[in-house]
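Welcome, and please take a look at the sequence and the 3D view below. The report that follows walks through the fold and then stops at a few places along the chain.

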Amino acid sequence: MTGPRSRASGAAPAPAPRSARGAAHGHAPLAPTARYVWYAVLLVLGALVGTAGSLVQAAWFPLGLLLALLGSTALFYGARRATGNQIGVAAAGGGWLLAVVLLSFGRPEGDGLFGGGLGEMVFLLGGMAIAVMCATMHRPVQPTA
């Protein structure tokens, strides 16, 4: 029954198809290929933000550390909002972590980007904590009509 009687009896209307749900909220659902392109872009963007944050936090301590963490937060939260799922945050976080870990390795000559101080550890652990927080955020409640 789809008439007024079904509403009066307390029955919930049938959920809208997946394609109609995305259009109702102001954006069309992404095709699988486009979603994978988004993940690849977020991976590269994460590597760029991780590299920039590694350079800035060491150069302008302590304000550089705050700027690097804010940039990382913007990346992770933006990835969550852009893709609508945790995989987007994981892609951005994976690129970020890969860049930070590769830059923390020293060269055989002994020089490296990270000196091993408190700021570097706060950037590494704080960035990972922010990525986890953004990945585990609740989705906002979507209006039904």
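## Before we start

Helices (H or I, at least four residues) and strands (E, at least two) are DSSP runs, numbered from the N terminus. The model is predicted, so local features need pLDDT of at least 70 and side-chain atom pairs count only at pLDDT 80 or more, while totals for chains, interfaces and linings use all residues. Residues are numbered from 1 along each chain as its sequence is written, and side-chain values use heavy atoms, with hydrogens and water left out.

## The overall fold

The protein has six helices and zero strands, and along the sequence this reads as α-α-α-α-α-α. Of the 145 residues in the protein, 27% are buried (buried means under 20% relative accessible area, exposed over 50%, and partly exposed in between, with a 1.4 Å probe and protein chains only).

## Helix H3 beside helix H5

Two packed helices are described by the angle between their axes and the distance between the axes. For H3 and H5, the angle is about 40 degrees and the axes are 7 Å apart. Here axes are lines fitted to C-alpha atoms, for helices over the stretch in contact, and angles run from 0 to 180 degrees between N-to-C directions. H3 and H5 are therefore oblique to each other (under 35 degrees counts as roughly parallel, over 145 as roughly antiparallel, 65 to 115 as roughly perpendicular, and the rest as oblique). Their crossing is right-handed, a term for a near helix turned clockwise from the far one by less than a right angle, with anticlockwise being left-handed.

On the H3 side, the contact includes Tyr39, Leu42, Gly46 and Val49; on the H5 side, Ile87, Gly88, Trp96 and Val100 are among the residues involved. By class, this contact of H3 with H5 has twelve nonpolar, seven polar and no charged residues. Ala, Val, Leu, Ile, Met, Phe, Trp, Tyr, Cys and Pro count as nonpolar, Asp, Glu, Lys and Arg as charged, and the others, Gly among them, as polar.

Alanine 52 also sits in H3, and at 39% relative accessibility it counts as partly exposed. Between alanine 52 and valine 100 there are 9.6 Å in space, C-alpha to C-alpha, and 48 residues in sequence.

## Helix H3 beside helix H6

H3 (residues 32-59) also meets H6 (residues 118-135): their axes come within 10 Å and cross at roughly 155 degrees. The two helices are therefore roughly antiparallel to each other, and H3 passes H6 in a right-handed crossing. Gly50, Gly53, Ser54 and Gln57 of H3 make this contact with Gly119, Glu120 and Phe123 of H6. The contact of H3 with H6 divides into one nonpolar, five polar and one charged residues.

Which residues does serine 72 touch, leaving aside its neighbours within four places in sequence? They are Val49, Trp96 and Phe123. Serine 72 belongs to helix H4 and is buried, with a relative accessible area of 0%. Its side chain reaches the backbone oxygen of alanine 68 at 3.0 Å.

Glycine 127, in helix H6, is buried as well, with a relative accessible area of 0%. Leaving aside neighbours within four places in sequence, glycine 127 is in contact with Leu69, Phe76, Trp96 and Val122. Glycine 127 and phenylalanine 76 are 51 residues apart in sequence, yet 9.4 Å apart in space, C-alpha to C-alpha.

## Two loops to visit

Asparagine 85 is found in the loop between helix H4 (63-83) and helix H5 (86-104). With a relative accessible area of 12%, asparagine 85 is buried. A polar atom of its side chain lies 3.3 Å from the backbone nitrogen of isoleucine 87, and one lies 3.2 Å from the backbone nitrogen of glycine 88. Apart from neighbours within four places in sequence, asparagine 85 is in contact with Arg35, Tyr39, Arg80 and Arg139.

The loop between H3 and H4 holds proline 62. The peptide bond leading from phenylalanine 61 to proline 62 is cis, with omega near 0 degrees.

Technical notes: Contact = heavy atoms within 4.5 Å. Polar contact = N/O pair within 3.5 Å; in protein donor to acceptor, adjacent residues only side chain to side chain.
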